[in-house]
Amino acid sequence: MYALLLKNIFQFIRNPGGILFALLLPMIQIITFFNGIGGDPKDLKIFVVNEEAGNCDGGRILGNITYDDYEKNCYFTDISCRFIKGINNTVLEKMFYENYTQAELEIPDFSSVGIMYFEKNFSFALEERIKDPLSMPDNLISVSQIHIGLYNPKSIS
């Protein structure tokens with residue numbers, strides 16, 4: 001092991017281009033890659049249509065999960081507010097709308113990146129989906145999903 005280490009050290013000393021190639025090139029590749037990819041996006045607008053809890057009372061409603069120890073079940077109340085609260089405000093600025101069509105019409109005006117839509121009985125449907133996912137009706141499967149439509153603001157205007 002010592003002999004191989006010495007051999008490699010002498011090779012690097014005799015050929016300085018090898019040092020540059022072995023050490024500098026990977027660092028240049030990393031710097032170029034991360035500058036090309038960029039950082040996290042910031043200050044994007046997304047429209048939120050929450051038919052379950054509206055605008056979550058300005059952020060005061062956080063959703064409630066109660067556990068019934070006797071029945072071994074969880075019960076959800078306004079859980080959509082908990083999902084909305086979990087969105088980082090520096091990345092996505094949330095703008096609340098009453099209905100989907102109103103939000104869709106205002107996308108070009110505000111350059112929104114999309115619409116996040118929660119249906120009326122989202123918490124109940126999600127609760128049922130967790131309890132028995134195999135025998136759940138199709139309409140409840142759709143209600144228990146967060147519907148997101150993404151748009152490119154530059155292609156709309």
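I started with burial: 25% of the 157 residues in the protein are buried. This is a predicted model, and I read the entries below as such.

I looked up the secondary structure and found nine helices and six strands.

I checked the overall dimensions next. The radius of gyration is 26 Å, whereas a compact globule of 157 residues would have one near 15 Å. Along the principal axes, the C-alpha atoms fill a box of roughly 75 × 50 × 30 Å.

I then took the contacts with a separation of 6 or more: 68% of them join residues 24 or more positions apart.

I listed 13 positive and 19 negative side chains, and the centres of the two sets lie 15 Å apart.

I searched the whole structure for aromatic pairs and got five. One of them, F83 with F122, is edge-to-face, at 5.8 Å centre to centre and 75° between the planes. F83 sits in helix α4 (residues 79-85) and F122 in helix α7 (residues 122-131), 39 residues apart.

Y100 belongs to helix α5 (residues 100-105) and Y117 to strand β5 (residues 114-118), 17 residues apart. Y100 is partly exposed at 27% relative accessibility; Y117 is buried at 15%.

Last, I noted that F83, F118 and F122 form one aromatic cluster.

Note on methods: Residues are numbered from 1 along each chain as its sequence is written. This is a predicted model: local features need pLDDT of at least 70, side-chain atom pairs count only at pLDDT 80 or more; totals for chains, interfaces and linings use all residues. Side-chain values use heavy atoms; hydrogens and water are left out. Helices (H or I, at least four residues) and strands (E, at least two) are DSSP runs, numbered from the N terminus. The radius of gyration is taken over C-alpha atoms; the globule rule is 2.2 Å times the number of residues to the power 0.38. Buried means under 20% relative accessible area, exposed over 50%, partly exposed in between (1.4 Å probe, protein chains only). Contact means heavy atoms within 4.5 Å. Lys and Arg count as positive and Asp and Glu as negative; His and the chain ends are not counted. The place of a charge is taken as NZ of Lys, CZ of Arg, CG of Asp or CD of Glu. Rings of Phe, Tyr and Trp (its six-membered ring) pair if their centres lie within 6.5 Å; planes under 30 degrees apart count as stacked, over 60 as edge-to-face and the rest as tilted.
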